[in-house]
Amino acid sequence: MITLDQMKDSMNAGANVLSEDGAVLGPMGQLYVDDATGEPSWVTVVTHTSGNPESFAPLQGAELDGRDVRVPVSHGKVYESPKMSQDGHLSPEEEQQLLRYYGLMAESDDAGRNAAGERTRSSRPEGDDYSMVRSEEQLRVGTELRETERVRLVKRVVTEDVTMTVQIRREELVVEREPIANGAAYYDDGETAYTDAEREQLYSAVETAFDGDVVEVVLYEEKPRVEMEVVPIERVRISREAHTHDEVVSGQVRKEVIETETVEL
């Protein structure tokens, strides 16, 4: 069983009250000792946020877990326990109610009973200096790194229509007629327009006149030719840059307020 000195040390260290499975019930509140023996019998722990927030947990069979105190009951058992007035003293009737709730009546028969069969012992807060631990929630803000998006460089092929203008050359047949006077051609200045070879060709044409000569002339023209050529256009790089900005966060926190209440006796 935990001694009174051990409980005082735990309270001074700001210890928590743990359930039988090691779950934290809450910070230790007030310590109650038995009026008859002076041994620690009850400890209060904050389990509710409004109304009567503290619950009584039994110290019979409790053990130290480091600086914390582990009571031999479940979290739900303490949470649903009867709420007392917490006026600085547990009356015999109130303690009877708690003992019955936690099933500890058999362990407390040696404390004596009155004529009505009820226990005559009661519990009071330890010491003359009554105290209560006030707790509050604090908002702790940090940052975490998480992925927002993943970017890949991917090449895909698209097609588009391209229209260009190209200059095309084409040959056309041009017929020029020159009159020949007296077997020779002259310019206005009176000089001979033909060379001797050309004049000989003219005379040869006279000899084959009316023979049905045929002269073939081949005409040419350019056609547009389209060829595809792959050429590098640009190089694309991606890089990461870290930017910072201010963001306002808020959260709702709870805190306890200790007030005094006067109870008429």
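Guide: Glu 222 is partly exposed in this predicted model, because its relative accessible area is 30%. Its salt-bridge partner is Arg 169, and the closest N and O atoms of the two are 3.0 Å apart. Arg 169 sits in the loop between β7 (123-125) and α4, while Glu 222 belongs to the segment after α4, so this pair ties together parts that are 53 residues apart in sequence. With a relative accessible area of 61%, Arg 169 is exposed.

Next, please turn to Glu 221, which forms a salt bridge with Arg 170; here the closest N and O atoms are 3.8 Å apart. Glu 221 is in the segment after α4 and Arg 170 in the loop between β7 and α4, so this pair ties together parts that are 51 residues apart in sequence. Glu 221 is partly exposed, with a relative accessible area of 39%. Arg 170 and Glu 221 are also linked with Glu 172 and Lys 223 in a network of salt bridges. Side chains of opposite charge can pair when their charged atoms come close. Across the whole structure, a search finds eight salt bridges.

There is a nonpolar side to the story too. Leu 173, Val 175, Val 215, Val 217 and Leu 219 form a nonpolar patch on the surface, and together they have about 530 Å² of accessible area. One of them, Val 217, lies in the segment after α4 (196-207). Val 217 counts as exposed because its relative accessibility is 56%, and exposed means over 50%.

Notes:
Residues numbered from 1 in each chain as written. Predicted model: local features only at pLDDT ≥ 70, side-chain atom pairs only at ≥ 80, totals over all residues. Heavy atoms only, no water. Patch = residues over 30% accessible without salt bridge, like charges linked within 9 Å, V, L, I, M, F, W, Y side chains within 5 Å. Areas by Shrake-Rupley, 256 points an atom, 1.4 Å probe, with all protein chains shown as cover. Salt bridge = Lys/Arg side-chain N within 4 Å of Asp/Glu carboxyl O. Helix = DSSP H or I, 4+ residues; strand = E, 2+ residues; numbered from the N terminus. Buried < 20%, exposed > 50% of the residue type's maximum accessible area, 1.4 Å probe, protein only.
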